[in-house]
Amino acid sequence: MTVKLPLQIPLTNFFLSSSSTKFFQHHKFIWMASQSYFDYPTAASTDYPVPLSPPLPELSKEIEPHRALTASSKSALFTLERSHVIFEDEWLIAVNKPQGIYCESVLSSLPDLLNDSGDKVSELHLANRLDRDTSGVMLITKLHKVAAKFVKAFTDHKVRKTYLAFCVGIAPKWEKITIKSGHGRSKYGAWRVYAASDAGRKLPGGSLVKDMETSFEVLSVNGLECFKQVSDLQKDEDLVVVQEQSVIGCDLKKDQILVRASPRSGRTHQIRLHCQYLGIPIRGDVRYEGVYEWKGSKYDGHDLHAESLSFDHPVTGKPILLQAPLPSWAIQPLRSQIK
């Protein structure tokens with residue numbers, strides 16, 4: 001089913017099922033705090049697209065510099081161990097990147113690990129990048145020609161990625177959803193969500209709005225697993241095409257939601273932005289309205305984990321599935337799947 005958010009209906013929103021001509025009423029969405037997202041004073045006169053997600057919160061401006069300094073110190077001391085390695089052959093090596101470590105530090109520490117086994121280390125390339133506080137699968141190629149093949153594979157959407165995110169917000173009424181929107185830097189340099197129809201339009205800095213698409217699946221709510229079954233309607237996947245500001249509030253009732261995200265595009269902070277837009281910001285992600293303090297604890301980074309990468313091996317052609325060990329915050333909600 002396709003939904004363009006927000007629907008200008010004051011009390012209820014409706015989703016149209018692809019398997020039925022009927023409308024199915026969902027609980028009402030709550031308008032977000034009365035904060036102006038329109039940080040382009042002359043947007044109309046310059047004809048720049050207007051961001052649909054909020055600007056950076058003040059809390060982020062206080063906490064992020066400290067996190068960056070802490071991560072720089074940790075990264076400078078980081079040493080890659082054999083226990084970090086998920087997969088290795090003569091062309092590739094995949095590692096489980098810890099939270100709070102920069103990708104470049106993982107890459108720079110790899111030669112010491114490979115030298116112990118006599119491998120060639122002069123042509124190492126990052127095949128994928130993870131944000132500083134995102135943990136999980138990080139793939140590195142050992143040869144230039146293999147790196148080039150991965151660039152093409154990612155461009156052609158032949159590499160499938162899944163992530164786990166621990167979110168705090170209003171429990172979704174959907175079980176599976178795909179969200180399509182625009183993505184770009186706003187006037188002040190922050191990454192923001194734009195309308196899907198803005199893709200290709202020019203931004204103040206000269207860059208263009210690009211499309212981004214992410215599919216989400218709810219795995220648990222408040223520690224209880226979601227078992228997906230029964231009717232044909234429930235098997236349908238909602239589709240949100242972003243055209244206006246989100247109407248889903250982030251500051252009312254707080255549920256704990258574990259979701260699996262599968263990004264089709266590879267935009268900077270894509271999953272984090274889409275979680276914010278859907279009203280389920282990631283715990284610890286103060287840049288995008290995630291809670292900093294939760295149930296008596298403060299979080300020094302966001303709870304986002306690169307769970308898996310799957311692709312056809314660029315040399316052998318064999319299907320490869322790389323999976324990182326689960327972080328502690330995902331183990332209990334997924335306990336039945338890992339027994």
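A residue counts as buried when its relative accessible area is under 20%, and as exposed when that area is over 50%. The model shown is predicted.

**Stop 1: helix 4**

Select residues 144-155, which form helix 4. At 1.5 Å a residue, its twelve residues should span 16 Å, and the end C-alpha atoms lie 17 Å apart, which agrees.

Now colour Val146, Ala147, Phe150 and Ala153, the buried residues of helix 4. Why are they on the same side of the helix? They cover an arc of only 115 degrees around the axis, so they share one side of helix 4. An α-helix has 3.6 residues a turn, so residues three or four places apart point the same way.

Next, select Lys145, Val151, Lys152 and Thr155: these exposed residues sit on the face of helix 4 turned away from its buried side.

**Stop 2: around the helix**

Show strand 5 (92-97), strand 6 (125-126), strand 7 (135-141) and strand 17 (304-312); they are included in what covers the buried residues of helix 4.

**Stop 3: the largest pocket**

The largest pocket holds about 730 Å³ of space. Select Arg129, Lys161, Tyr163, Gly266 and Arg267, which are the closest to its centre among the 28 residues that line the largest pocket.

Which helix gives the largest share of the lining? Helix 6 does, with three residues. Helix 3 (103-115), helix 4 and strand 8 (160-169) are among the elements that each supply at least two. By class, the lining has ten nonpolar, nine polar and nine charged residues.

Key. Residues numbered from 1 in each chain as written. Predicted model: local features only at pLDDT ≥ 70, side-chain atom pairs only at ≥ 80, totals over all residues. Heavy atoms only, no water. 1 Å grid on protein atoms, 1.4 Å probe; cavity = no way out; pocket = protein on both sides within 12 Å on 5 of 7 lines; lining within 4 Å. Points joined across faces, edges and corners; volume = space filled by probe spheres on them. Helix = DSSP H or I, 4+ residues; strand = E, 2+ residues; numbered from the N terminus. Nonpolar A, V, L, I, M, F, W, Y, C, P; charged D, E, K, R; others polar. Expected span 1.5 Å × (residues − 1). Buried < 20%, exposed > 50% of the residue type's maximum accessible area, 1.4 Å probe, protein only. Arc of directions from axis to C-beta. Contact = heavy atoms within 4.5 Å.
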